[in-house]
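Dear colleague,

Please find below the structure that I am handing over to you. The notes after it set out what was found.

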Amino acid sequence: MKIVSQNTAFGGMQGVFAHDSKACKGEMTFAVYVPPQAVNEPRPVLWYLSGLTCTHANVMEKGEYRRMASELGLIVVCPDTSPRGADVADELTNWQMGKGAGFYLDATEMPWAEHYQMYTYITEELPALVGEHFRIDPSRQGIFGHSMGGHGAMTIALKNPDRFKSCSAFAPIVAPSSADWSVGAFEKYLGSDKAVWRKYDACALVEDGARFPEFLIDQGKADSFLENGLRPWLFEAAVEGTGIGLTLRMHERYDHSYYFISTFMDDHLKWHAERLG
Ligand SMILES: N[C@@H](CCC(=O)N[C@@H](CS)C(=O)NCC(=O)O)C(=O)O
């Protein structure tokens, strides 16, 4: 693992690291905030998955999570959203596909399958690396994210309820199999068999029997992607009668940006800390 940068913040350390990824077959970069408490004891770890067009840096620079993470003693890991590098397939004029748009899935179709193995990267390879280098308590893990990363967090939690104790999302894509801005990507990454798509769709996973205790979702009502891309009401309908708890908060005037995310970041960190102990 290579140190890209390390800076002291709120008594802890904000680092950026790079490593050779086996899953994605190339160099991957991620950010980790380590709170001061981690010097003395293993601390809970929170995985933050970012949205379309992002790298590890967007939330690190604009998410405003460090003060509260330091106070609560949370380690926050922020991975990249796709494989990178000159040899990685991409669509230069399409921001919903390719680099910056990995959708946290393992692609099965060529040329994408060669490097786009983000599900394996996020659920297996990166946790092993982070566990080796940082004082995480693996029995206390939470996951959250924004937009495409909200989709990633919710689907990963639903598929790994024994590993994650908490999950929340900012403006998540709750049903990517039928959302305007993800159908094209799913077709290219996963092929035309829609039964496969259901494994990467929070609403479909719940319909197919996956369970997680509860979710917190914050959504801005002035989000330009609300009607065609995000549609949290579909998840509200999917969890009805399942026993899955959902706190869905709709906020007047907030859009899709990091101004929205940073406004509610403290609430999400507290939500996770309460459940991670
Ligand atoms: N590039 C898109 C917007 C993409 C977008 O809003 N991405 C969100 C995640 S879905 C984001 O976090 N962007 C990076 C940022 O705001 O720093 C557009 O032009 O409409």
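The ligand sits in the largest pocket; a molecule counts as sitting in a pocket if more than half of its atoms lie within 2 Å of the pocket's grid points. A pocket is defined on a 1 Å grid over the protein atoms alone, as an open set of points with protein on both sides within 12 Å along at least five of seven lines, whereas a cavity is a set of points where a 1.4 Å probe fits but cannot get out; lining residues have an atom within 4 Å of a point.

This is a predicted model, in which local features need pLDDT of at least 70, side-chain atom pairs count only at pLDDT 80 or more, and totals for chains, interfaces and linings use all residues. Residues are numbered from 1 along each chain as its sequence is written, and side-chain values use heavy atoms, with hydrogens and water left out. The chain averages a pLDDT (the predictor's confidence in each residue, from 0 to 100) of 98, and 100% of the residues score at least 70. For the complex, the predictor gives an ipTM of 0.95 and a pTM of 0.98.

Around the ligand (a heavy atom within 4 Å) are Gly 51, Leu 52, Thr 53, Cys 54, Asn 58, Lys 62, Trp 95, His 146, Ser 147, Phe 225, His 256 and Tyr 258.

- The side chain of Lys 62 has an N or O atom 2.6 Å from an oxygen atom of the ligand.
- In the side chain of Asn 58, an N or O atom is 2.8 Å from an oxygen atom of the ligand.
- For Leu 52, a backbone N or O atom lies 3.1 Å from a nitrogen atom of the ligand.

On its own the ligand has 500 Å² of accessible area (Shrake-Rupley method, 1.4 Å probe), and the protein covers 69% of this.

The largest pocket has a volume of about 150 Å³, a volume being the space filled by probe spheres set on the points, which are joined across faces, edges and corners. Its lining residues include Trp 181, Trp 95 and Phe 225.

The count of cavities of 30 Å³ or more comes to one. The largest cavity, with a volume of about 30 Å³, is lined by residues including Trp 47, Gln 141 and Arg 163.

Conventions
A polar contact is a pair of N or O atoms within 3.5 Å; within protein, one must be able to donate a hydrogen and the other to accept it, and residues adjacent in sequence count only if both atoms are side-chain atoms.
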